[in-house]
Amino acid sequence: MTTRSSWTHRIVWLSALAILLFSAVVANRIRALDRESVSAQVTSTLASTANLLRILEKNHLEATAEIVRDPELLRLTRELTERPQDAAARSAMEAWVKPEQNKYGFTYYAVYNRDAVIIAAHDQAFLGVKSTLLIRVPELKTKGYVVTPPFRAKFTSREAALKGQRDYFQLTCRTVVEQGVTLGYFCIGSDPRTLLYPLLSASWSGRTGEAVLIDRDGRMHSPSRFDADIEGDPEAYEDRQASRLYTRVPTPRATPSGKLPLPTGHDPLTRMAQ
């Protein structure tokens, strides 16, 4: 082989190597840009969803603020707190609430007395239920309003029972005050499965992830499609919760089915929840 031929082969080989290296650099850069683009898109979508949730919350807060100032509600609440077993007083409240439901677009309502016991509601199955923790009475007394996380009702309405389902609610509550005296609490609500959860699902277009609601303790307040990968019954969680899952790293332990162990409130938070 001549010297010129040897140099030619070296040049071709080096050129091929340079092209391969350049291609690898370009490919890595494209992947990095693609990840940045996807990350930016996900962040933007989640931010838009968070804004929509804030708008929904604001609408419910404004609606309840208008309702609890109405003199007729004050009168009806006073009568019900004085005569909680009076069917006529309860019927009068129900008749008054119906136009308000159409006006503000809420589905469910509940009127509580000062002891946080329901004295009027959209379904009689909830009458007499005490919900001091659920509607966070100390916070209601301090702020005048609360917005609860989604939860599964302890009792079942007639409509849900006919469908063989459970009731899920998210409530916005305000203190009902007349001349400085607290008469009780008025709450409006909706089924998170009809608006909130579909909104979360629509905000995520990928196949390997999802958008979820979590609180400061890492408790999930929306269902997760990963629930099926966790040991135990997906329906086995306490009332007044919306999921049995925590966004926490489960303590390694063997499970009969070979699935992932169920996280507990004492396990460390995942990076997503931190």
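Let's start inside helix α2, where the buried residues are Leu-73, Leu-74, Leu-76, Thr-77, Glu-79 and Leu-80. Keep in mind that you're looking at a predicted model. Helix α2 covers residues 71-82, so twelve residues at 1.5 Å a residue should span 16 Å. Now look at the N-terminal end of α2: Asp-70 caps it. A side-chain oxygen of Asp-70 lies 2.8 Å from the backbone nitrogen of Glu-72.

Let's zoom out for a moment. The protein has six helices and six strands. Of the 274 residues, 36% are buried. The accessible surface comes to about 16600 Å², and carbon and sulfur atoms own 57% of that. What about contacts along the chain? Taking those with a separation of 6 or more, 51% are between residues 24 or more positions apart.

Next stop: a hairpin. Strand β1 (residues 108-113) pairs with strand β2 (residues 118-121) in the antiparallel sense, over three bridges. Tyr-112, for instance, has Ile-118 in β2 as its bridge partner. Four residues sit between the two strands, and in this hairpin Ala-116 takes a positive phi near 65 degrees.

The link is right-handed, with 110 degrees about the S-S bond.

Finally, find Asp-227, in the segment after α6 (196-202). Why does Asp-227 count as buried? Its relative accessibility is 9%, and the cut-off for buried is under 20%. So who are its neighbors? Leaving out residues up to four places away in sequence, Asp-227 touches Pro-234, Arg-244 and Leu-245. With Arg-244 there's also a polar contact of 2.7 Å, joining the side chains of the two residues.

Note on methods:
Residues numbered from 1 in each chain as written. Predicted model: local features only at pLDDT ≥ 70, side-chain atom pairs only at ≥ 80, totals over all residues. Heavy atoms only, no water. Pairing = 2+ DSSP bridges. Buried < 20%, exposed > 50% of the residue type's maximum accessible area, 1.4 Å probe, protein only. Contact = heavy atoms within 4.5 Å. Areas by Shrake-Rupley, 256 points an atom, 1.4 Å probe, with all protein chains shown as cover. Polar contact = N/O pair within 3.5 Å; in protein donor to acceptor, adjacent residues only side chain to side chain. Expected span 1.5 Å × (residues − 1). Disulfide = S-S within 2.5 Å.
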